[in-house]
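Please look at the structure before reading on.

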Amino acid sequence: MKESNNIIRFLLTILMLGFFSQVYSSTSINYGTNDGKSENKTYTFELETKLGKVEFEIHADIKQKAFVDRVIEVFQKDSLPIFDYFEYRPTTNIHVVVEEEYTRANGAATVFPRNIMYLFTQPPVGSEHLVNSADWLKGLILHELIHIVHMDQTRGILKGIRNIFGSVGKLGGVTPRWFTEGIATWGEAYFTDGGRPKNNLFVTETYSRLMDDNFCDEIECLDQPLKYPYGQYPYWVGALFLTEVEMEKPGAIRCIVQFNSSQIPFFLNIAFDRCIGKTATVAFKEWRTRKRAELFANQKAFQEKPVVKKNFVQIPIQKDDRIMVFQRDFTVADGKLWTLQFGDRIERLVSLDLEDDTSKEFRVPPYIDRIVRSENENELLVNTSTYLRVKKQKEASVVNKENGELNSFSEIKGDYPFQTKDGKKYNIVFNYGRWHIVDTNLKTKKEFEEKAKLSLPPYVQIQSAQTFQFKGKEFVAMMVNGDNLKEAWQYWLVEYKDGNFKKTRKFSSFNEPTRVLATCDNNFLFHQENKILIGRYTSLDQARVTTLKDSWIEGVSALRWDENNTVVYMKQDPQNLYSLKHGCREIIKELREEARSNRTKTVRSVGDVERKPETTNVADSSYPSARHFLPHYWTINYVGGENLNTWMVSTNLNDPLDKDQIRLSVKYFPDFDEVTPTGSIVHDWGWLSTVAYYDRTFVKTSLRSRPDENELYGFGFAKTWEKGFFNMRSNLGIGQKKITDFVSTRDLREAYFNNTIVLPKLKHDDFFQGLDLSLNFSFSDVEYADRYMGYEYQLSPHFKLFKDMLFHARGTYGKLDKKGILDGVIYGGGFTDYDYSSFHSFKGLDVNDAFGNEMITYNLELDYKLGDIGWGWGLSPFYLKKLNLIAGQDFIKTEYIFTGRGFKRNSDLRSNYFGLRSSWLFGYMVPVDVDVIQYKLDDSSYVHDTGTEVIVRGTFEL
């Protein structure tokens, strides 16, 4: 009867959790407009370069065919100069994976285990630095291609390693992040007419950091600055520094990459010295010193201008450790400047009164991407978002100006919220390659498909969107660009009347990168690389656009105004904003008077704008193919420690989309002279993953002279959900185990279900800093013994008590519904040497030194930041980020505990500890935490010996 009840409990648990998981995942609505069947295809083509053929494979859903056509066109028409400049072509295929689910403009590239580029289909929006390109997609593709061409290069001794071990020998790309990303960002401008180095806002914000005396004055700081812009800084300063290196000696970047590709990693300084006559460390110091002197001279000259001294009020962009963030937008409304400020990794929305200099700050979501004036004087419209992994949860919301209260007003997750004069709110939404104007009251996918108001050409970029009045009519004006258009830079007008949008015209066109700085009635300010244009639309068929010359506004990087105030951010003074007690109409009038002597030109409607990409010699085939599963590398690894010594030869076979992964290894245990294979096969079905596995391991313990042996194989299912702020992963499977340990030698069959829920932290300064919850259930059938159920639970919440102090807690409970220990136990105790983790862990015991049918543990830990160290030595691969003091207590209670002095029965044990936690960056890309702790074991009867333990945790990042 007991066995029957256990089975019923097990099945009911699985059904309840499965039902919860289904409800949890089904609340997400996809507002896509294409319900075509999901099917991946591979598109193959070759590119003939001066050095030979380069082969490409693009892997994408058939719904993304328009995107794929544009990608192929960029490769065929725009990528050859990259191969020519670097004098290198990869000899193996370049794979391109199109990712349509990610909701931010970005991409990624890696050369291990194969050359592969990831392209996200979402265009950049708003004030992002990425917008300054005639074709955002071209900039993205060439940026990632430069990564491939750089990191794939191997010469000399590295080529020998690559010939033996495969792609694991691609060590020429092991360089500091500022060099890797700096090259690719430099190339955006070098190989196109756009790119971030030609974006005035990008350059001005970078210069603001260079002018800060206390910010990154040594080259080792560039990869891991401890202040804003944090991880973006390698892109910022790396691009501008390397741009100057290339300007001083054309071909220098090619030379550095080629020479470094034959050197043992971490000797980039030698490559710099060989190619430009000085090390990177010296070159950076000289460039920084020279650039700062130039910037401070320009700042002084600008501040001394009569027009500036007479009319402008200076507003520092940085106070203490807080700095204003402009690429995330700012605005002027009702005499107040609304900005986003960063300090201590905390984002704040700040309101500064331009009249009396008083300010307010408000708590906001982790990210605000846009700030827009509302027709309601008590509100602001904002785009808010939260990053979960690489996905972004977006909301269109209103902020109450008085108390900072934020409320979402839209079920639709859009990028450009706006409000019409009648008070209605709308969103401009990107879905399946096209932009749509959407009523924020729509709630279902069907309503979206029926009532979306606008569909632009595929994969163009909207830079800005705002409403304006003209001759009694209301319009939405959008700056649109992209090479899918016949004219790359266009201003579009969409008429609005009584809740309806009429696609009116694609109005003005420009032949060079153009951004909208601001609008005022039917007047517009356009910004190009080195000039400002002022436009006035005299009708819906034409405009008069004048180039401003010798004007104070020529160096503007960003401008916001209302009826009475104007705020500008100037390239001549990156450290300050300037406010002017003139509203938009007064400024427009003054600028027109300045421009009267300049030549005026007329810009007319460009008519039909959509262009179909031109591609040649492209073949398509089903995905995947057998060639995708050829091995690309093999490695020899050693893992050693007190309990485990293992040599392992391994490889991983997978397709470019990671739908199928085959992991194969052979392990050798020298202490026991045992050789064993291990492996797993994982298949991702889209809605579910399946896994089959085999493993065999030998571990030394303190309980006996012979090793513990575990042999297991099985089959299971896994599914991951992301909803709101929760991530959840569920696993269901069956397995066969053969275990030999201190307890017994036993064969068992097991069915298991486990569920892991993660609630990540949302803000750096929240009291609640995240939670992990694990629920494990198993049903074991052991030979020559009764069947039994098993349950394990783990809860780990994290809290921020003070600015520099965190509190971590972890509690576990495990229970086997049986008596006796010969047919299996729950193990607890120390950390395993091969991954420094254990479900029921305890500092001061060796692995498996605690066991029984029931186990309780907890850990309470205080983590106090002693300081941000930010220390490295030139281009050495060791960078110390911070140092923390940790102190805490572990507790364990179970049936048997082996302490080194004998067994404790049905008792508990505590471990009080303290020590240091250092956070490092090794090899420019491997973050590692090293805990060195001193512990003392004690219980209610006597005190045990003290000891020292070192725990290392690290993850490899490509």
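Is Phe767 buried or exposed? Phe767 is exposed, at a relative accessible area of 51% (buried means under 20%, exposed over 50%, partly exposed in between, with a 1.4 Å probe and protein chains only).

This is a predicted model, where local features need pLDDT of at least 70, side-chain atom pairs count only at pLDDT 80 or more, and totals for chains, interfaces and linings use all residues. Residues are numbered from 1 along each chain as its sequence is written, and side-chain values use heavy atoms, leaving out hydrogens and water.

**Aromatic rings**

- The whole structure holds 65 aromatic pairs (rings of Phe, Tyr and Trp, the last by its six-membered ring, with centres within 6.5 Å; planes under 30 degrees apart are stacked, over 60 edge-to-face and the rest tilted).
- Phe767 and Phe799 make a tilted pair, with 5.3 Å centre to centre and 35 degrees between the planes.
- Phe767 is in the loop between β40 (745–760) and β41 (768–782) and Phe799 is in strand β42 (residues 788–802), so the pair ties together parts 32 residues apart in sequence (strands, E, at least two residues, and helices, H or I, at least four, are DSSP runs numbered from the N terminus).
- Trp178, Phe179, Phe241, Phe272, Phe284 and Trp287 are linked by ring pairs into a cluster.

**Charges over rings**

- Arg254 lies over the face of Tyr85, 4.9 Å from the ring centre (NZ of Lys or CZ of Arg must be within 6 Å of the centre and within 35 degrees of the ring normal).
- Lys425 has its charged end over the ring of Phe409, 5.6 Å from its centre.

**Helix contact**

- Val237, Leu240, Phe241, Glu244 and Glu248 in α8 meet Ala280, Ala283, Phe284, Trp287, Arg290 and Lys291 in α11 (heavy atoms within 4.5 Å).
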